[in-house]
Every structure is written in C-alpha cells, then in structure tokens.
Amino acid sequence: MSTATIREVVRGDGDRFVYVVSALAALNGLLFGFDTGIISGAFLFIQDTFTMSPLVEGIIVSGAMAGAAAGAAVGGQLADRLGRRRLILIAAVVFFLGSFTMAVAPNVPVLVAGRLIDGVAIGFASIVGPLYISEIAPPSIRGALTSLNQLMVTTGILLSYFVNFAFADAGAWRWMLGAGMVPAVVLGVGILKMPESPRWLFEHGRKDEARAVLERTREEDVDTELEEIAETVNKQSDSGLRDLLEPWLRPALVVGLGLAVLQQITGINAVIYYAPTILESTGFGGVTSILATVGIGTINVVMTIVAIALVDRVGRRRLLLVGVGGMVVTLAILGTVFYLPGFGDVLGIVATISLMLFVAFFAIGLGPVFWLLISEIYPLAVRGSAMGTVTVANWGANLLVSLTFPVLRASIGTPSTFWLFGLCSLVGLVFVQRFVPETKGRTLEAIETDLRDNVSLLD
Ligand code: BGC
C-alpha cells in the first residue's frame with residue numbers, strides 16, 4: 001500500500017470515528033425529543049388510572065419543561081466543572097431513573113416526581129449534547145454534526161408518536177413512559193467508550209489527552225487547532241457566571257437569549273404538543289388527525305435532514321432568514337384560514353398544508369440553527385454556563401407557550417393566536433437580520449477572538 005493510500009485509510013477512520021461519537025452523543029437529542037413527545041399519548045390513559053386535579057394534570061404535562069429549566073440552570077456549570085462526558089453519563093442515569101419511576105409509579109406523587117426527574121435529565125441533555133459535539137467536531141462539518149442532535153430531537157418526537165400509537169389500544173401508558181429507558185442505557189454504556197471533549201481537556205491542563213483526541217478525530221494536522229485552543233485558554237480570566245455579564249460578551253448573550261425566546265414564542269410547540277387538537281378543529285376525525293400528526297412529525301425530521309445538508313454550505317444566517325421568513329407567511333395564512341367563515345373541507349386542507357409548511361420552515365431554520373449557534377458563539381471559559389443560561393430561557397419560554405396556548409385560543413381565538421405567533425416571527429426576522437452572526441467554517445477560537453476584539457459579529 002502506498003503512503004497516500006495509508007493516509008487515506010487513516011483519514012477515513014478519523015472521519016468515521018467522529019461520526020460515531022457524534023451520533024452516539026446525539027442520543028441526548030433522541031431522549032429529549034422522545035421524552036417531551038411521549039406524554040401527549042400517555043396522558044390520555046394516565047387519566048383512566050388516577051384521578052387528578054387540573055393543577056396536577058398541568059404539572060404532569062408541563063413538569064418536564066419546568067424540570068428541564070432546572071436541569072439547564074445547573075447543567076451548564078456542571079458541564080464546565082465535571083466535563084462534558086461525565087455530565088452525559090449523569091444525564092443517561094437520570095433519564096433512566098425518571099423513566100423507571102414513571103413506569104412503576106403506584107400513585108400520583110411518585111408519577112409527578114418521575115416526570116420532574118425526567119425533566120432534569122432533558123435539561124442536562126439539551127445543553128450537553130450540542131456542546132459536546134460542537135467541541136469534538138472539525139470546523140468544516142461542525143454545523144452538520146452538531147445539528148445531528150436536533151435531527152435526533154425530531155426523530156425522538158416522531159418515535160414517541162409511533163410508540164404512543166403502538167401501545168394505545170392496550171392503553172399501556174407505563175410501557176410508553178418506560179420505553180425511554182432503552183435509549184438511556186445505550187447512551188450511558190456508549191459514552192463510557194467515548195473520549196472527553198478535547199477543548200475541555202485542554203482547559204483542565206490535560207493537554208496530551210486533548211492532542212490524542214484531536215488526532216483521532218481529525219484528518220489534518222492538529223497543531224494549528226491546538227495552538228488556537230491554547231491561545232483562548234491563556235486569555236481567559238476566572239470563569240464563572242459573573243463573566244457572562246462582561247461587556248464584550250453582551251452581543252453573544254443578546255443573540256443567544258433572543259434566539260432562545262424566539263424559537264419558542266413563534267409557536268412551534270403549540271403545533272408539536274397540540275397538533276391533534278388543532279387538526280380536529282379543522283373538521284378531521286380522530287384517526288385522520290393522528291395520521292396528519294405523524295405526517296407533521298415526519299416533515300419535521302425530513303426538513304431537519306435538509307438543513308443538515310445545507311448548514312455548512314449556505315451558512316447559518318441564510319437558513320434562519322429563509323426559515324423564519326417562511327414561518328411569518330405560513331402563520332399569516334393559518335390565521336386567515338381559521339378566520340374565514342364557513343370552515344369547510346377545502347379550508348381544512350389548506351390549514352393542514354399550512355401547518356405542515358410551518359413546521360418545515362421551523363425545521364430548516366430556528367430548530368437546528370438555534371442549538372448550533374449557541375454551541376458556537378460563546379468563549380470556552382463560559383461556554384457551559386452561557387449555554388445553560390440561554391437554555392433556561394428556552395425552556396422557560398417553552399413552558400409559557402405550552403401552558404398558555406389553550407388559554408389564548410379560548411380567550412382571543414384561534415386566528416388571533418396564530419397571528420400573534422406570526423407577529424413574533426416577524427420580530428424574529430428583523431432580529432436575525434440585525435444581530436445573528438455567520439459562523440460557518442470558522443474555528444470556535446476564531447469566533448471567540450472576534451468577540452474579544454470587539455469585531456462586529458456580523459462582519
Ligand atoms: C425545540 C423544541 C421543539 C423541537 C421540535 C427543538 O429545537 O427546542 O422545543 O419541540 O425543536 O422539533
């Protein structure tokens with residue numbers, strides 16, 4: 001074998017390894033999606049087993065989001081202190097415990113406890129999945145690999161619809177909720193064999209290990225990348241939440257927090273969590289609306305794949321602009337369709353197609369690009385804490401929308417609710433245009449240097 005061919009083989013190995021590592025870490029996303037999606041189906045049958053007050057019902061459904069906000073609040077700091085890999089292991093164990101507790105719950109308090117525990121794991125996973133992948137991926141394919149996490153979120157949601165469907169006849173809600181234990185075990189066992197993030201290792205003085213991980217995951221020479229990492233590590237002061245308030249970090253914080261809130265207040269989870277209810281109001285029967293819901297879940301997965309194929313080529317900004325722009329238009333149509341009198345078959349079909357297109361536009365932009373950008377734009381020293389803060393805002397906004405959507409529909413009506421989401425998307429479009437930077441193809445260290453040197457993130 002010639003030298004060139006040997007090198008090619010080695011290159012192939014490095015590539016393959018980083019794909020395997022990223023795919024495994026993306027199981028965090030699968031659990032995130034599965035555990036947020038499964039409750040919609042399980043809940044129908046839990047009601048047959050236990051008698052609950054409306055307040056407790058609310059806590060069971062949205063408890064995961066509250067737990068996730070709490071998990072995200074501490075998860076970021078834990079990722080900085082314990083390391084990314086250890087937090088993934090902890091998340092896997094907590095996922096297992098949460099699913100197990102819910103599956104065997106003898107009464108409502110235990111069920112609520114299980115749901116909250118599960119939520120904490122979702123919060124951990126939502127930070128550490130993208131964080132770990134972005135730090136281990138080579139810059140040229142970092143967008144695609146990190147977005148694998150979001151692909152798994154959407155796959156998890158779709159899978160939960162199928163599992164709900166499979167166990168629905170038997171009303172086996174314990175199996176639905178317990179099914180989450182399977183990916184948790186795979187993630188927990190798998191992560192034991194995966195390396196730590198090279199950037200975290202370097203920052204904690206374990207330079208040789210950092211080099212070894214880079215060498216295993218890179219085709220090219222790793223010296224330049226190591227030098228860049230060394231430079232940013234040397235520049236940093238004491239890390240911690242206080243640093244987040246430093247003026248030079250403000251633009252990145254504004255971008256992260258803005259996108260976190262916009263990702264939710266534009267209404268995606270009103271559709272993801274309430275699709276069957278919305279579709280039934282278009283006159284579809286139960287079965288048709290469940291099928292259409294599966295259709296929506298499938299479109300979410302497929303368009304995320306399209307985004308992954310494009311994100312390192314056309315860039316983050318362009319995907320966001322097209323995605324959010326499309327959401328404005330489809331939401332305006334949805335509001336109008338529900339507003340028109342004499343809602344009939346034709347309008348029902350237009351509404352369904354618009355809902356599907358709305359999800360498609362989310363999946364190509366705000367869905368994956370939000371999680372990707374927040375794993376790229378923060379300096380190493382505060383990356384975990386910054387992502388934690390931003391992720392708490394995301395879960396808080398999620399909780400707000402999922403709790404208020406039914407109330408909004410009942411008070412201002414369906415058309416105005418969609419128009420309100422449309423207005424939020426319009427604000428989002430202006431925000432993206434003005435504030436969101438392009439990070440395509442750059443090393444995380446180059447992005448950090450620009451931020452420190454006060455170079456406008458938009459240049
Ligand atoms: C969001 C979730 C949402 C999911 C839908 C994620 O990026 O954070 O709130 O349910 O996308 O695919």
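Trainee: Which residues of H13 are buried?

Mentor: Buried means under 20% relative accessible area (1.4 Å probe, protein chains only). In H13, the buried residues are Ile 268, Asn 269, Ala 270, Val 271, Ile 272, Tyr 273, Ala 275, Ile 278 and Leu 279. This is a predicted model, where local features need pLDDT of at least 70, side-chain atom pairs count only at pLDDT 80 or more, and totals for chains, interfaces and linings use all residues. Residues are numbered from 1 along each chain as its sequence is written, and side-chain values use heavy atoms, without hydrogens and water.

Trainee: What span should H13 have?

Mentor: Helices are DSSP runs (H or I, at least four residues), numbered from the N terminus. Expected span is 1.5 Å times one less than the residue count. H13 covers residues 268–280, so its 13 residues should span 18 Å, and its end C-alpha atoms are 18 Å apart.

Trainee: Where is the kink in H13?

Mentor: Compare axes fitted to the seven residues ending at a residue and the seven starting there; their angle is the bend. In H13 the kink is about 85°, at Tyr 274, shortly before Pro 276.

Trainee: Where is H2 kinked, and how many of its residues are buried?

Mentor: H2 has a kink of about 45° centred on Ala 42. H2 runs over residues 27–49 and reaches 31 Å from first C-alpha to last, close to the expected 33 Å. Of its 23 residues, 18 are buried, so H2 is largely enclosed by the rest of the structure.

Trainee: Which residues make the contact between H2 and H8?

Mentor: Contact means heavy atoms within 4.5 Å. The axes of H2 and H8 (residues 181–192) come within 10 Å. Leu 27, Asn 28, Leu 30 and Leu 31 of H2 meet Pro 183, Ala 184, Val 186 and Leu 187 of H8.

Technical notes. Helices (H or I, at least four residues) and strands (E, at least two) are DSSP runs, numbered from the N terminus. Buried means under 20% relative accessible area, exposed over 50%, partly exposed in between (1.4 Å probe, protein chains only). Axes are lines fitted to C-alpha atoms, for helices over the stretch in contact, and angles run from 0 to 180 degrees between N-to-C directions.
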